[in-house]
Amino acid sequence: MLDQIMNSTNFNYLPRAMTAASMRQEVVANNIANVNTPNFRKKNVEFENLLAREIYGEKSPEGKLKMVQTHINHLPYKPRSVHAEPTLVEDNSTIMRVDNNNVDVDIEMATLAKNQIYYNALATQIGGYVSKMRNAITSGQS
């Protein structure tokens, strides 16, 4: 029973999303700290697109989602067991300055603020989920 609660869809992806947000906070802080380092390339954390791909599957060339089996007696499919994890990616796409550094402080500060809001929303979601589970287990008794 407890295993079912802890491995539910919400409790499966929310902690991974919080890990990604925490990792992104560190990466953005590192990017800002190296704004004046020659030849420094900023780094980004990829997670949300990987998670969306995990949840919804790859899109076919026609733009339609792949088939997913919804009942054991339906057509067979190969189950996906891949779990999206935050990945650190170096951004080599732009060079903004003569010293080959591609960090833009304004963009990094906006990313930092956006990520903080995202992290707080995830923490609220996890807290609400745990609270609901506690109420369900104790049947609303304190």
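This is a predicted model: local features need pLDDT of at least 70, side-chain atom pairs count only at pLDDT 80 or more; totals for chains, interfaces and linings use all residues.
Residues are numbered from 1 along each chain as its sequence is written, and side-chain values use heavy atoms, with hydrogens and water left out.

One of the salt bridges joins aspartate 91 to lysine 42, with 3.8 Å between the closest N and O atoms. This pair links distant parts of the chain, 49 residues apart, since aspartate 91 lies in the loop between strand E2 (87-90) and helix H4 (105-138), and lysine 42 in the loop between helix H2 (9-33) and strand E1 (43-46). Helices (H or I, at least four residues) and strands (E, at least two) are DSSP runs, numbered from the N terminus.

Lysine 42 also meets the side chain of glutamate 108 in a salt bridge, at 3.8 Å from N to O. Here too the pair links distant parts of the chain, with glutamate 108 in helix H4 and lysine 42 in the loop between H2 and E1, 66 residues apart. Aspartate 91 has a relative accessible area of 13% and lysine 42 one of 11%, so both count as buried (under 20% relative accessible area, with exposed meaning over 50% and partly exposed in between; 1.4 Å probe, protein chains only). Glutamate 108 is buried as well.

A further salt bridge connects glutamate 90 with lysine 43, the closest N and O atoms being 3.9 Å apart. Glutamate 90 belongs to strand E2 and lysine 43 to strand E1, 47 residues apart, and this pair likewise links distant parts of the chain. Glutamate 90 is partly exposed, at 41% relative accessibility, and lysine 43 is partly exposed at 22%.

Strand E2 also holds threonine 87, which is partly exposed with a relative accessible area of 34%. Leaving aside residues up to four places away in sequence, threonine 87 touches Met23, Asn44, Val45, Glu46 and Leu50, where contact means heavy atoms within 4.5 Å. The C-alpha atoms of threonine 87 and arginine 24 are separated by 9.7 Å, although these residues are 63 residues apart along the chain.

Key: A salt bridge is a side-chain nitrogen of Lys or Arg within 4 Å of a carboxyl oxygen of Asp or Glu.
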